[in-house]
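Here are my notes for you on this one. Keep the 3D view open and click along as you read.

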Amino acid sequence: MAQIAVVPGSFDPVTLGHLDVIGRAARLFDEVHVLVVHNPDKQPAMFAAADRVRLIEQSLVETGLPDTVRVGEWTSGLLVDYCRQVGAGVLVKGVRSGEDVAYETPMAIMNRHLADVETVFLLPEASRAHVSSSLIRQVATLGGDVMPYVPGVVADALAEHLGR
């Protein structure tokens, strides 16, 4: 039986740090579902969910990640409901700091309790550990160069979105 993992996130926008974690997950599991989820604490979104899915798909091609990675969207219900639906027993979360671990730990315990879904924390490459989607949005909005931190398709989408 294939080991399926889900990498959830808002991915607004997807960064090279996200893709690093997705690539690490793809080496550990037979199939990886990258899932754009709605996070009510992160409003308003810069990109619509469908655009984030498209940008992730294009970024996977651009960065050469394997075809065992699938991209989708989950807008209602519990994340573990999606895991049950696709037969995933693992959630993969990228963590950059102790704050991320502290934030993610209660959810990991609840997901294990609700659906026997384990959570695996993966660290990004050290050179990307400071990068977050919110920081990328802020730097791009203020006219800074985000090219070292995002795939080219994302940099282009940010420039277009910001009218540059």
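**Notes on the predicted model**

1. Let's start with charges. Searching the whole structure turns up nine salt bridges. Keep in mind that this is a predicted model, so treat each pair below as part of a prediction.

2. Look at Asp 81 and Arg 84 first. They form a salt bridge, with 3.0 Å between the closest N and O atoms. Why do they sit about one helical turn apart? Because they are three residues apart in helix α3 (residues 79-86). In an α-helix there are 3.6 residues a turn, so residues three or four places apart point the same way. Asp 81 is partly exposed, at 29% relative accessibility, and Arg 84 is partly exposed too, at 48%.

3. Now try Lys 93 and Glu 104, whose closest N and O atoms are 2.6 Å apart in another salt bridge. This pair links distant parts of the chain: Lys 93 lies in strand β4 (residues 90-94) and Glu 104 in helix α4, eleven residues apart. Are these two buried or exposed? Both Lys 93 and Glu 104 are buried.

4. Two more for your list. Arg 112 and Glu 118 meet through their side chains in a salt bridge (3.3 Å, N to O); Arg 112 is partly exposed at 41%, and Glu 118 is partly exposed at 34%. Asp 20, Arg 24 and Glu 125 are joined in a network of salt bridges.

5. Just after α2, Gly 64 takes a positive phi of about 75°.

6. Next, find Ser 133 in helix α5 (residues 133-141). Ser 133 counts as buried, because its relative accessibility is 10% and the cut-off for buried is under 20%. Beyond its close sequence neighbours (those within four places), Ser 133 touches Phe 11, Asp 12, Pro 13, Thr 15 and His 18.

7. Finally, the surface. Leu 78, Met 110 and Leu 114 make up a nonpolar patch there, with about 260 Å² of accessible area together. Met 110 belongs to helix α4 (residues 98-115) and is partly exposed, with a relative accessible area of 43%.

Conventions:
Residues are numbered from 1 along each chain as its sequence is written. This is a predicted model: local features need pLDDT of at least 70, side-chain atom pairs count only at pLDDT 80 or more; totals for chains, interfaces and linings use all residues. Side-chain values use heavy atoms; hydrogens and water are left out. Patches are made of residues with over 30% relative accessible area and no salt bridge: like charges are joined within 9 Å, nonpolar side chains (Val, Leu, Ile, Met, Phe, Trp, Tyr) within 5 Å. Accessible areas come from the Shrake-Rupley method with a 1.4 Å probe; for residues, only the protein chains shown count as cover. A salt bridge is a side-chain nitrogen of Lys or Arg within 4 Å of a carboxyl oxygen of Asp or Glu. Helices (H or I, at least four residues) and strands (E, at least two) are DSSP runs, numbered from the N terminus. Buried means under 20% relative accessible area, exposed over 50%, partly exposed in between (1.4 Å probe, protein chains only). Contact means heavy atoms within 4.5 Å.
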